[in-house]
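Open the model in your viewer and keep the sequence panel beside it. The stops below each begin with a selection and then say what is found there.

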Amino acid sequence: MPSADNPRRSERSRAAILQATQELIREQPYGKISIEGIAARAQVGKQTIYRWWRSKGTLVVDALHEQNAAGAQEALALPDTGDLADDMRLVLRATVDEFTSPDFEPLFRALSIESLQDPALREQIVERIYRPQFEFVAARFRSAQGAGQIRSDVDLTLAFELFMAPMFYRWQSGAHPLTHEHADAVVDLAMRALAP
């Protein structure tokens, strides 16, 4: 939090750190980004960074969250054409594109691995990324329930996991290719499982 003696300077430093981290994420692989490098780019001391963030991972997640905050609501909202199957095909195909993007995949993989060993980072990812997303998912699935497209008694978290878990599994294991065709097949199976 900002220091009591000079809150404006502290906020400027914090903004510079987040900006430096965002720049380095675009320029370097996650493994080459360091607290020292971020401090040098932001022109602050390492201790200033550690005042707000306990690790590189927690700083990177905050920098990504800050970077996406402006358009977050629009980005998180699920499409609603009135047909949940069509909408989830769009969502899962976009997930395939994101998970296989050379700009996104290495960073997300590195954060995923790090979060397995760091419960605080894992909780931050849940709070900053997954929980806000699920609020929009739940709203879309409730709309589908109201339209009679999925069972009214289904647990919405479990319903969403039927779509997303196979995507994560393929992405993490690398045992089979992650493709749009796979995404479409997942949607068809999940919709059959959730049908009234």
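Predicted model: local features only at pLDDT ≥ 70, side-chain atom pairs only at ≥ 80, totals over all residues.

A residue is called buried under 20% relative accessible area, exposed over 50%, and partly exposed in between. By that scale D188, at 33% relative accessibility, counts as partly exposed.

**Stop 1: D188 and R89**

Select D188 and R89. The two form a salt bridge, with the closest N and O atoms 2.9 Å apart. The pair links distant parts of the chain: D188 belongs to helix α10 (residues 180-194) and R89 to helix α6 (residues 84-99), 99 residues apart. R89 is partly exposed because its relative accessible area, 25%, lies between the two cut-offs.

**Stop 2: helices α6 and α10**

Now show both helices that carry this pair. Two packed helices are described by the angle between their axes and the distance between the axes. For α6 and α10 the angle is about 145° and the axes are 9 Å apart. The crossing of α6 past α10 is right-handed. On the α6 side the contact is made by L84, A85, M88, R89, L92, R93, V96 and D97; on the α10 side by H180, A183, D184, V186, V187, D188 and M191. Sorted by class, the residues of this contact are 9 nonpolar, 1 polar and 5 charged.

α6 has 16 residues and reaches 22 Å from its first C-alpha to its last, close to the 22 Å expected at 1.5 Å a residue. Which residues of α6 are buried? They are L84, A85, D87, M88, V91, L92, T95, V96 and F99. The cover over these buried residues includes α7, α8, α9 and α10.

**Stop 3: helix α7**

Select residues 105-117, which make up α7. This helix has 13 residues and reaches 19 Å from first C-alpha to last, close to the 18 Å expected at 1.5 Å a residue. Its buried residues are E105, L107, F108, A110, L111, S112 and S115.

Show the side chains of R109 and E105. They meet in a salt bridge at 2.5 Å, N to O. An α-helix has 3.6 residues a turn, so residues three or four places apart point the same way. R109 and E105 are 4 residues apart in α7, so about one helical turn separates them. E105 is buried, at 19% relative accessible area, whereas R109 is partly exposed at 26%.

**Stop 4: helices α8 and α9**

Select residues 119-146 for α8 and 156-173 for α9. The two helices pack at an angle of about 115°, and their axes are 9 Å apart. α8 passes α9 in a right-handed crossing. From α8, the contact uses Y130, Q133, F134, V137, A138, F141, R142 and Q145; from α9, L156, T157, A159, F160, F163 and F168. The residues in this contact of α8 with α9 divide into 10 nonpolar, 3 polar and 1 charged.

**Stop 5: R41 and its partners**

R41 is linked with E23 and E27 in a network of salt bridges. Leaving aside neighbours within four places in sequence, R41 is in contact with A20, E23, L24 and E27. R41 counts as partly exposed, at 35% relative accessibility.

**Stop 6**

Select K46 and E36. What joins K46 to E36? A salt bridge does, with the closest N and O atoms 3.3 Å apart. K46 is in helix α3 (residues 46-52) and E36 in helix α2 (residues 35-42), 10 residues apart. Both are partly exposed: K46 at 37% relative accessibility, E36 at 45%.

Last, select Q43, in the loop between α2 and α3. Phi of Q43 is near 60°, a positive value in a residue other than glycine. Is Q43 buried or exposed? Q43 is exposed, with a relative accessible area of 74%.

To see the rest of the ion pairs, search the whole structure: it holds 14 salt bridges, and those named at the stops above are among them.

Note on methods
Residues numbered from 1 in each chain as written. Heavy atoms only, no water. Axes fitted to C-alpha atoms, helices over the stretch in contact; angles between N-to-C directions. Left-handed = near helix turned anticlockwise from the far one by under 90°. Contact = heavy atoms within 4.5 Å. Nonpolar A, V, L, I, M, F, W, Y, C, P; charged D, E, K, R; others polar. Salt bridge = Lys/Arg side-chain N within 4 Å of Asp/Glu carboxyl O. Buried < 20%, exposed > 50% of the residue type's maximum accessible area, 1.4 Å probe, protein only. Expected span 1.5 Å × (residues − 1).
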